Amino acid sequence: MSLLHTQRLRLEPFNDEHLDGLFRLNSDPEVMRYITGKPETREETIAMIERIKARWIEFGFSWWSFIELETNELIGAGCIQYLGRDPANPLEIGWRLRQDKWGQGFASEAAQRMAAFAFDQIGGDSLFAVCDQENIGSANVMKKLGMQYRGIERWYDMDTLVYTMTRADWEAKKTR
């Protein structure tokens with residue numbers, strides 16, 4: 001399982017020690033507003049951690065907890081996973097942050113590192129990202145990452161904005 005680093009974050013694969021921080025994150029109605037539309041229970045967070053640990057074993061990638069280096073607190077989570085959780089689909093990148101960390105560049109910082117992992121370590125040919133049509137903050141992170149708007153498609157039981165990036169786009173961005 002891959003531990004990743006950025007200037008301000010340590011990205012740790014989900015583990016049991018992250019339960020309290022992930023529950024705090026996923027039980028916040030505002031954080032979950034555009035993801036599932038409802039806060040998670042502690043039992044749902046426990047079950048999610050178990051699913052994610054199994055995906056790490058099966059695929060060698062999944063969800064990371066974002067640990068802020070300055071405070072050593074879990075402030076968010078992000079992933080590289082298969083779009084729609086189906087290995088027949090391309091890779092997807094995603095993220096969520098605690099409300100008190102919104103607008104400080106943490107999502108973009110983590111997204112850059114996770115995209116590098118997707119292209120450079122996994123060897124993905126493309127990377128997709130989806131978000132609720134009203135989630136302007138997440139769409140802005142996708143644009144900042146260099147992703148291009150593809151359209152509105154149905155994923156995760158909702159009509160989502162879809163952004164994509166190819167390996168060629170990523171390589172060209174790295175050389176700029």
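**Ground rules.** I number residues from 1 along each chain as its sequence is written. In this predicted model, local features need pLDDT of at least 70 and side-chain atom pairs count only at pLDDT 80 or more, while totals for chains, interfaces and linings use all residues; side-chain values use heavy atoms, with hydrogens and water left out.

**Entry 1: the sheet.** I began with the strands (DSSP runs of E, at least two residues, numbered from the N terminus, as are helices, which are runs of H or I of at least four). I found eight of them in an open, mixed sheet, ordered β1-β2-β3-β4-β5-β6-β8-β7. Strands pair here if DSSP finds at least two bridges between them. β1 (4-5) and β7 (148-155) are the edge strands, each pairing on one side only.

**Entry 2: strand β2.** Next I asked which strands pair with β2. β1 joins β2 by two bridges, running antiparallel, and a hairpin of three residues links them. Leu 4 stands opposite Leu 11 in β2. β2 also pairs with β3 in the antiparallel sense, over five bridges, and there Leu 9 has Glu 68 of β3 as its bridge partner.

Is β2 buried or exposed? Five of its five residues are buried, so β2 is largely enclosed by the rest of the structure. My cut-offs are under 20% relative accessible area for buried, over 50% for exposed and partly exposed in between, with a 1.4 Å probe and protein chains only. In a regular strand the side chains alternate between the two faces of the sheet. In β2, Leu 9, Leu 11 and Pro 13 point one way and Arg 10 and Glu 12 the other, and all are buried.

**Entry 3: β5 and the helices.** I then looked up β5 (residues 91-97), which runs parallel to β6 and is joined to β6 by two bridges. Glu 92 stands opposite Phe 128 in β6. Helix α4 (residues 106-122) packs on the sheet, and its direction makes about 155° with that of β5. Angles run from 0 to 180 degrees between N-to-C directions, with axes as lines fitted to C-alpha atoms, for helices over the stretch in contact. Among the strands that α4 touches are β1, β2 and β8 (158-166); contact means heavy atoms within 4.5 Å.

**Entry 4: the cores.** A nonpolar core is a set of buried Ala, Val, Leu, Ile, Met, Phe, Trp, Tyr and Cys residues joined through side-chain atoms within 4.5 Å. The largest one has 50 residues, and Trp 95 and Phe 66 are among those touching the most other members. Its largest share, 10 residues, comes from α4. A second, separate core of five residues includes Leu 83, Phe 128, Val 130 and Trp 155.

**Entry 5: rings.** I count rings of Phe, Tyr and Trp (its six-membered ring) as a pair if their centres lie within 6.5 Å; planes under 30 degrees apart are stacked, over 60 edge-to-face and the rest tilted. That gives eight aromatic pairs. Phe 14 and Trp 63 have ring centres 6.0 Å apart and planes at 40°, so their pair is tilted. Phe 14 lies in the loop between β2 and α1 and Trp 63 in β3, so the pair ties together parts 49 residues apart in sequence. Phe 14 counts as buried because its relative accessibility is 3%, and Trp 63 is buried at 11%. Trp 56, Trp 64 and Phe 117 form one aromatic cluster.
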